[in-house]
Amino acid sequence: MVNGYIATSLQEALEIRASHDVVPYAGGTDLMVENRQGVEYLFLNKVSELKKITADDEYVRIGAAVTFTEALANANVPQLMKEAVSRIAAPAIRNAGTFGGNLGNGSAKADSVLIEFVSDAKLRLVSKKGERMVDVDKFYLGRKKLDLGSDELIAEVLLPKKGLEQYSYEKVGGRNALAISRVSFAGVFAAENGRITNAAAAFGAVADTVLRYKDIETTLIGKTIDEAKAMKEDYLKAYAERMVLTRGRVSAEYRKNVCMNLLRDFLTKFGI
Amino acid sequence: MNEIRFTLNGKEVAYAGSATDRLLDVLRNEYRCTSVKCGCKEGECGACSVLIDGTLLNSCCVAMGAVEGASVVTMEGFRETKRFAALDKAFGELSAVQCGFCIPGMVLAAEALLSRNPHPSEDEIREGLSGNLCRCTGYNAIVNAVNNAAKEGNGLW
Ligand SMILES: Cc1cc2nc3c(=O)[nH]c(=O)nc-3n(C[C@H](O)[C@H](O)[C@H](O)COP(=O)(O)OP(=O)(O)OC[C@H]3O[C@@H](n4cnc5c(N)ncnc54)[C@H](O)[C@@H]3O)c2cc1C
Ligand code: FES
Ligand code: FES
């Protein structure tokens, strides 16, 4: 085949990846718009190992070449992820777009990646030499920079099975279908015996990578709802001070206001 | 040399060009399937919609290497079916076609929707067609046409 390799197994894909200078191709919805010239593609759409969704006690494992449409039809995929994915573009894009491609593009606008950030997901990366696990926030080294070797492929996203039941998800865009997020927000909340055990908040599309401030979140852990309420304004102020947004098509000031409002709504939703 | 083999509207074909070529361009230029329109090459407009193994995809966002072994259906093939006849009638009766540029994509999006969901609600029809832009009709006539086709073509989907 001219300018391309079709892998039919993961092992074959990894051999080709290691021995040729190829661009992995999953659904093509980012690559074909980019329209890079003079490249060779490694087609992953026939690699069955990358197309599975499985679950163990701890994690739901979504294969890198699973499409958004396939994930929406799978009972193991957490509702929070489904909500985000169901609002990606339109059917034809969801039929092609994959979790691996959403990650591989390195964009802070990637909607499934926002959910992976807020839920402390892990990624399984594979190469001929073996495999390694990375936390999703460590995988993003900066704008369009990924911790991915030239011989590696993303194999799976590991989403925690428990703890994602109580959430907020908001995507603020230009228009409904097809709009790439201007601001997106995901929050996950959990409390046990009246004390907060998780108050994760992640912001997409506003900086070079998804933003999440675990050190600020920690200040709510162990607090009762009433204690959290009392410190709410200071808590929001801590975020406002830390958040530095990149300038985009829409003013940074406006988007920061939207972020702060979404964060406030998230706290309010869970009684804070 | 290894060609890319796939079926196009039921016929087996072999493409000898680059695996990185756009399916949209190949369908129009090599196979003269000119029902497949180019409105943006960015996945935004749906004018280039085709069915690949029954799934709706934007052919501008598909590289040729990805269709190896697949079945590609364009309006040139779909128009031979009874389902097309039902959609054609409904679109005609409701004057859902003006310039026609978006219509091949709209009809294939409707087919993809109805084959999964034979009795869609109005919201589901709008969602099913949400990736297909139309500059002329204002959409309502198209949505009503799909609704009528679903009702009158009862049993076809
Ligand atoms: C009209 C339109 C609307 C869109 N709307 C949205 C939206 O609302 N939200 C959103 O998040 N995205 C959106 N996107 C972007 C895109 O659809 C998603 O990012 C999608 O997840 C990309 O997946 P893909 O399989 O098509 O990627 P591809 O184009 O195949 O690949 C993208 C990148 O990932 C790399 N890659 C793919 N798989 C692997 C792997 N297994 N290992 C290593 N690298 C890999 C590729 O080399 C490439 O660099 C939109 C795109 C279009 C065209
Ligand atoms: S030309 Fe493909 S979506 Fe517009
Ligand atoms: S009829 Fe003209 S674009 Fe739809």
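Author: In this predicted model, strand E4 (residues 53-55) of chain A is joined to strand E5 of chain A by three bridges, and the two strands run antiparallel. A:Ile53 has its bridge partner in E5(A), namely A:Ile62. Between E4(A) and E5(A) there are three residues, and the two strands form a hairpin.

E5(A), which spans residues 59-63, is largely enclosed by the rest of the structure, because four of its five residues are buried. E5(A) is also joined to E10(A), here by five bridges, and this pair too runs antiparallel. Within that pairing, A:Arg61 has A:Leu158 of E10(A) as its bridge partner.

E10(A) leads on to a helix. Strand E10 (153-160) of chain A is among the elements that cover the buried residues of H1(A). The cover also includes strand E1 (4-6), strand E2 (23-25), strand E3 (41-43) and E6 of chain A. Helix H1 of chain A comprises residues 10-19, and its buried residues are A:Leu10, A:Ala13, A:Leu14, A:Ile16 and A:Arg17. The exposed residues A:Gln11 and A:Ser19 are carried on the face of H1(A) turned away from the buried side.

A:Ser127 belongs to strand E6 of chain A, which runs over residues 122-127. With a relative accessible area of 10%, A:Ser127 falls under the 20% limit and is therefore buried. Leaving aside residues up to four places away in sequence, A:Ser127 touches A:Leu14, A:Asp151 and A:Glu152. A:Leu14, in turn, is one of the buried residues of H1(A).

Three strands form an open sheet in the order E11-E12-E13 (chain A), with antiparallel pairing. Its edge strands are strand E11 (167-172) and strand E13 (195-204) of chain A, each of which pairs on one side only. From one strand to the next, the twist averages 5°. E11(A) is joined by six bridges to strand E12 of chain A, residues 183-192, and these two strands run antiparallel. In this pairing, A:Lys171 stands opposite A:Ser184 of E12(A). Helix H7 (residues 111-118) of chain A packs on the sheet and touches E11, E12 and E13 of chain A. The direction of H7(A) makes about 30° with that of E12(A).

H12(A) also lies across E11, E12 and E13 of chain A, and runs at about 25° to E12(A). Helix H12 (residues 252-269) of chain A has a further partner in helix H11 (residues 232-242) of chain A: their axes come within 11 Å and cross at roughly 145°. The crossing of H11(A) and H12(A) is right-handed. On the side of H11(A), the contact is made by A:Lys232, A:Glu233, A:Tyr235, A:Leu236, A:Tyr239 and A:Ala240. H12(A) contributes A:Lys256, A:Met260, A:Leu263, A:Arg264, A:Leu267 and A:Thr268. Sorted by class, the contact between H11(A) and H12(A) has seven nonpolar residues, one polar residue and four charged residues.

Chain B may be considered for its own sheet. This open sheet has five strands in the order E2-E1-E5-E3-E4 (chain B), and its pairing is mixed. Strand E2 (11-15) and strand E4 (55-58) of chain B are the edge strands, each pairing on one side only. On average, neighbouring strands of the sheet are turned by 40° against each other, direction ignored.

Strand E1 (residues 4-8) and strand E5 (residues 71-73) of chain B run parallel and are joined by two bridges. There, B:Thr7 stands opposite B:Ser71 of E5(B). E3(B) and E4(B), by contrast, pair in the antiparallel sense, over four bridges. B:Ser49 stands opposite B:Asn58 of E4(B). The hairpin of E3(B) and E4(B) has two residues between the strands, and in it B:Asp53 takes a positive phi near 45°. Helix H4 (residues 103-116) of chain B lies across strand E3 (49-52), E4 and E5 of chain B, and runs at about 35° to E3(B).

Terms used: Residues are numbered from 1 along each chain as its sequence is written. Chains are lettered from A and ligands numbered from 1 in the order in which they are written. This is a predicted model: local features need pLDDT of at least 70, side-chain atom pairs count only at pLDDT 80 or more; totals for chains, interfaces and linings use all residues. Side-chain values use heavy atoms; hydrogens and water are left out. Axes are lines fitted to C-alpha atoms, for helices over the stretch in contact, and angles run from 0 to 180 degrees between N-to-C directions. A crossing is left-handed if the near helix is turned anticlockwise from the far one by less than a right angle, and right-handed if clockwise. Contact means heavy atoms within 4.5 Å. Ala, Val, Leu, Ile, Met, Phe, Trp, Tyr, Cys and Pro count as nonpolar, Asp, Glu, Lys and Arg as charged, and the others, Gly among them, as polar. Two strands pair if DSSP finds at least two bridges between them. Buried means under 20% relative accessible area, exposed over 50%, partly exposed in between (1.4 Å probe, protein chains only).
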